[in-house]
Amino acid sequence: MNMRAPTDKQTDLVLVGGGHSHVQVLESFAMEPPPDTRITLIVDQPVAMYSGMVPGFVAGQYRQEELEIDVLPLARCIGARVIVARAARLDAAAKRVHLVGRPPVAFDFASINVGSTVAGLSTPGVREHALPTRPIGKFVTRIDTVFANLGSSGTGGATEPVRVAVVGAGVGGVEVAFALDHRIRELGRAVEVILVESGPEILPGYSAGMRRRALRAAEKRGIRIVTGRRVRRVESGRAFLEQDEDGIRFDILLWVTGAFGQSLFRASDLPTDERGFVKIRSTLQLEDYDNIFAVGDCATLTRHPQTPKAGVYAVRQGPVLASNLRRVLAGGLLLDDYKPQHDFLTLINTGDGSAIGTKWLLSFEGRWVFQLKDRIDRKFMHRFQPLDDTEHATAFSSSTMGDGPDETETETLCGGCAAKLGQQGLARALARIEELPENSSVELGLAQADDVACYTSPQGQRIVSSADQFRAFTDDPYLVGRVGAVNAASDIYAKGVTPRFAQALVALPESGSDAEREETLFQLMAGATAAFEELGVTLVGGHTTTTTELLVGFHVEGFADPDQELLRLDALCPGQSLILTKALGTGVLFRADMMGRLRGPWFEEALSSMLRPNRKAASIAREHGASAATDVTGFGLAGHLATMLRAADLAAMVNVSALPALPGSLKLLGAGLRSTFHKENAKTERGMEIESAAPQHPKFPLLFDPQTSGGLLFGVPQENAEAALDELLKSGHCASIIGITSEAGPDSRIRISISRS
Ligand SMILES: Cc1cc2nc3c(=O)[nH]c(=O)nc-3n(C[C@H](O)[C@H](O)[C@H](O)COP(=O)(O)OP(=O)(O)OC[C@H]3O[C@@H](n4cnc5c(N)ncnc54)[C@H](O)[C@@H]3O)c2cc1C
């Protein structure tokens, strides 16, 4: 809960990138958070990859999860805001980070740890035909596809050896060459690996002993090495060196040609070296700016320009960065100097359970060397796992967060559509109004309890309108605005009408400064207009106020044709198939996020589901003869279905095993986590007839999970259901036929079964 006085201004620290140093800053701040600081982490993807274990992953020694650092729960441990977007430019003078696809983010202090890209990508044909090892996340996914294809003989003939060319023989290139050689043999295929290096020898800059050992290991495995030659051009299946007519034939071409600066710095007009790395002082601050730091591969120390681009330096810079950031945030000027170590332990994984190492000009090899590397890597990774297998806090986060509130404690209420008055309270309040207003122009009003209102203008125009408001479900106002807009438009789509105009109702937090409120409103409206623009809705006005927290609402309108049948709640018919167009689970997922228990990939899936408009789903519903529809939001699937059934005086059988679930939601529900509004929604259960085994089904709690910007629930004639579902799935919806309607019986309206199929 924010307890700041109205005029307090927090210092904004923005961390760009989730590299090896920044995860240590998060770790340090989790132990002791810097006071009066709002921390924002900007990452292009919520999961960072630990490069040290990538060759082991290629060799088949590690699973992908073992090299992933999930930065979302790490950041949540310190109450940091996480923005998943690519930083495109940094305006140092205006103190803003410009992002791809959303408005810039302001900072007082910034730190950049975005790694590097691969050199030589502009060599003709490389982008089309080679597999660069950076960005690592993309490389990991792509190499997995290569192995899957190899397994099904898709690359090369099944009896022909697989030809692998690795370009670049630094540590990364040598390790990847060994790893591929091993993995492809393990897949039961013959393999020919060639390693190409433009310099005079492999492993430039490393000890002669290490080089000799690597050459010997390569010779033993039949890995060919070509040095002193540069790849000039690549075509499909062939890489051409200088003065080389025939080229090297390949099935797989790996591009590991050393680090190169990201375009971020060129676009930012910041001082860079000849390879595009931003120049920094020993304090890790940029040459010309005291309030901007840069670390890891992306930065070059002006005093030590030859420092290699290796993860070990990014790791060693982490504690110095954390300490220096802490000092500048406290107003200090005296900062620590970072001195790069002259020599460090380098370990090359040869993919076969062995490794080669060097330190202080000594070299060594053997299985024990791999075991040492494995131990070091796993120890590093273990530090950055804030959640255990049951999504509970580990030692990393328990220092500041514990496990968050449990069900029995006083809870901070969930936001989104989960923050509302229960269905029964709403009905009771309306029932107490003795005379509901009557007006012959009103087609759908308070008396009909539909998702929208519909009334006719004096000129005969049928206006369909709806108002929606919710409490912010996350601390990123841009996202809240975007999701809020999609969610508000959804009511109109649910009636088969196109939304046209919108007005905003925003309540801004009283705490903080005017400048902060202005920035929040800007971000929120930028998100809303982006979403509305995509839908062809014009935002025409609105109103702001201040209160204890951020609330966002929209009034949205569309126009129905004079003879158009609206997909009214009471128009559901008996014998119709019920189709749900989005997966359920946003309620429990955002509850987990509030508690720092949400994994990054789950967050991304939930977000992309909430940002998907219901426009296409509505048109598919209409094309397949839907008579009634609603959008599933705060009252959960059971609540919204019950309202529909009551309006049409029908009953329905719902197959709980058919409910689509968002990734992570079942695991969290299984661990006992619930949205704070779940209990209220579960009151619907009293009027349901439930097959005895159903409550034990893992999907059962999904019936009551409040949804934010959920999917459409509609009824179609049974004979059209499969075709409608097919079209929904083809257009990317996570849809399912969840049940069937029937005439209302004497007892309950909803019967819950578990399919035996
Ligand atoms: C195959 C391979 C094996 C390697 N093995 C080793 C090894 O064993 N030991 C070693 O010391 N080094 C190794 N390296 C080198 C090592 O990968 C790098 O030196 C190290 O990853 C750099 O760390 P970093 O923290 O600077 O950046 P990274 O680890 O690259 O992290 C950068 C982060 O920033 C994010 N990001 C990137 N761009 C943006 C953007 N524009 N906006 C927002 N976020 C962004 C990324 O998603 C990522 O999370 C290897 C390299 C490769 C290719």
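**View 1. Helix α6 (171-186) in the shell around the ligand**. With four residues, α6 gives the most to this shell. Helices (H or I, at least four residues) and strands (E, at least two) are DSSP runs, numbered from the N terminus. The other elements that give two or more residues are α1 (20-31), β2 (37-43), α2 (54-58) and α9 (311-329). This is a predicted model: local features need pLDDT of at least 70, side-chain atom pairs count only at pLDDT 80 or more, and totals for chains, interfaces and linings use all residues. Residues are numbered from 1 along each chain as its sequence is written.

**View 2. The residues around the ligand**. The ligand is surrounded by 37 residues, each with its C-beta atom, placed from the backbone, within 6 Å of it. G17, G19, S51, G115 and G296 are the closest. Domain 1 (11-116 + 261-342 + 384-396) and domain 2 (126-259) each supply at least three residues of the shell; the domain bounds come from an automatic or database domain assignment.

**View 3. The packing of helices α17 and α21**. Helix α17 (residues 615-623) packs against helix α21 (residues 718-730) at an angle of about 160°, with the axes 10 Å apart. Axes are lines fitted to C-alpha atoms, for helices over the stretch in contact, and angles run from 0 to 180 degrees between N-to-C directions. The two helices are therefore roughly antiparallel (angles over 145 degrees). A617, I620 and A621 of α17 make the contact with A724, E727 and L728 of α21; residues are in contact if their C-beta atoms, placed from the backbone, lie within 7 Å.

Conventions:
Angles under 35 degrees count as roughly parallel, over 145 as roughly antiparallel, 65 to 115 as roughly perpendicular and the rest as oblique. Two residues are in contact if their C-beta atoms, placed from the backbone, lie within 7 Å.
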